[in-house]
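Reader: I would like to learn how to read a model like this one. Please take me through it feature by feature.

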Amino acid sequence: MQQPGLHGRHRDKNGEISRKHGNTLVSTLRKIYGPSFAPGAQPGEKLSEVLVEMDEPSLTKLVHDHVRGELEGKIVIA
C-alpha cells in the first residue's frame, strides 16, 4: 500500500519502524515533530497502536527520519 508523499516507500517497510520504535509514546513524538503530529491520537498511545491510522504528513516525517537513521537519536533526546 503506497501513500502519497512517501515516494514509493511502504508505510511501514518490513515492520521496521514498529519493531524498533513501537513503544515510543505519541507525546514523545509530539515533542520532536510538534503538537500536530498524529492528530486524533492520544498522548499516552504507543506508536505501534497508531501507526496504521497515521496521517500522511506525520508518517512522512517519521519515515524520513527513520530512513536517514535519525529517528532513534531524536527519540533519545526528547
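Author: Start with Leu-29. Contact means heavy atoms within 4.5 Å. Leaving aside residues up to four places away in sequence, Leu-29 touches Thr-24, Gly-34, Phe-37, Leu-47, Leu-62 and Ile-75. This is a predicted model: local features need pLDDT of at least 70, side-chain atom pairs count only at pLDDT 80 or more, and totals for chains, interfaces and linings use all residues. Residues are numbered from 1 along each chain as its sequence is written, and side-chain values use heavy atoms, with hydrogens and water left out.

Reader: Which residues have the most contacts inside the largest nonpolar core?

Author: First, the general idea. In soluble globular proteins, nonpolar side chains tend to be buried together. A nonpolar core is a set of buried Ala, Val, Leu, Ile, Met, Phe, Trp, Tyr and Cys residues joined through side-chain atoms within 4.5 Å. Buried means under 20% relative accessible area, exposed over 50%, partly exposed in between (1.4 Å probe, protein chains only). Here the largest core has 16 residues, and those with the most contacts inside it are Leu-29, Phe-37, Leu-47, Leu-51, Met-54 and Leu-62. At least two residues of this core come from each of α2 (26-33), α3 (47-50), α4 (56-67) and α5 (71-77).

Reader: How are those elements assigned, and how many helices and strands does the protein chain have?

Author: Helices (H or I, at least four residues) and strands (E, at least two) are DSSP runs, numbered from the N terminus. The protein chain has five helices and zero strands. The order from the N terminus is α-α-α-α-α.

Reader: Which residues of α2 are buried?

Author: An α-helix has 3.6 residues a turn, so residues three or four places apart point the same way. In α2, the buried residues are Val-26, Thr-28, Leu-29, Arg-30 and Tyr-33. They pack against α3, α4 and α5. Gly-34 follows α2 and has a positive phi, near 105 degrees.

Reader: What is the phi of Ala-38, and where is Ala-38 found?

Author: Most residues other than glycine have a negative phi. Ala-38 is not a glycine, yet its phi is positive, about 50 degrees. Ala-38 is found in the loop between α2 and α3. Ala-38 counts as buried because its relative accessibility is 3%.

Reader: Is His-66 buried or exposed?

Author: Compare its relative accessible area with the cut-off. His-66 has 15%, so His-66 is buried. His-66 lies in helix α4. Not counting residues up to four places away in sequence, His-66 touches Glu-16, Ile-17, Lys-20, His-21 and Leu-71.

Reader: How many salt bridges are there?

Author: A salt bridge is a side-chain nitrogen of Lys or Arg within 4 Å of a carboxyl oxygen of Asp or Glu. By this rule there are two. Lys-74 pairs with Asp-65, and their closest N and O atoms are 2.8 Å apart. Lys-74 is partly exposed at 32% relative accessible area, whereas Asp-65 is buried at 4%. Glu-70 pairs with Arg-68, with the closest N and O atoms 3.0 Å apart. Glu-70 is partly exposed at 28% relative accessibility, and Arg-68 is exposed at 51%.

Reader: What share of the 78 residues is buried?

Author: Buried residues make up 40% of the 78 residues in the protein chain. Of the contacts with a separation of 6 or more, 52% join residues 24 or more positions apart.
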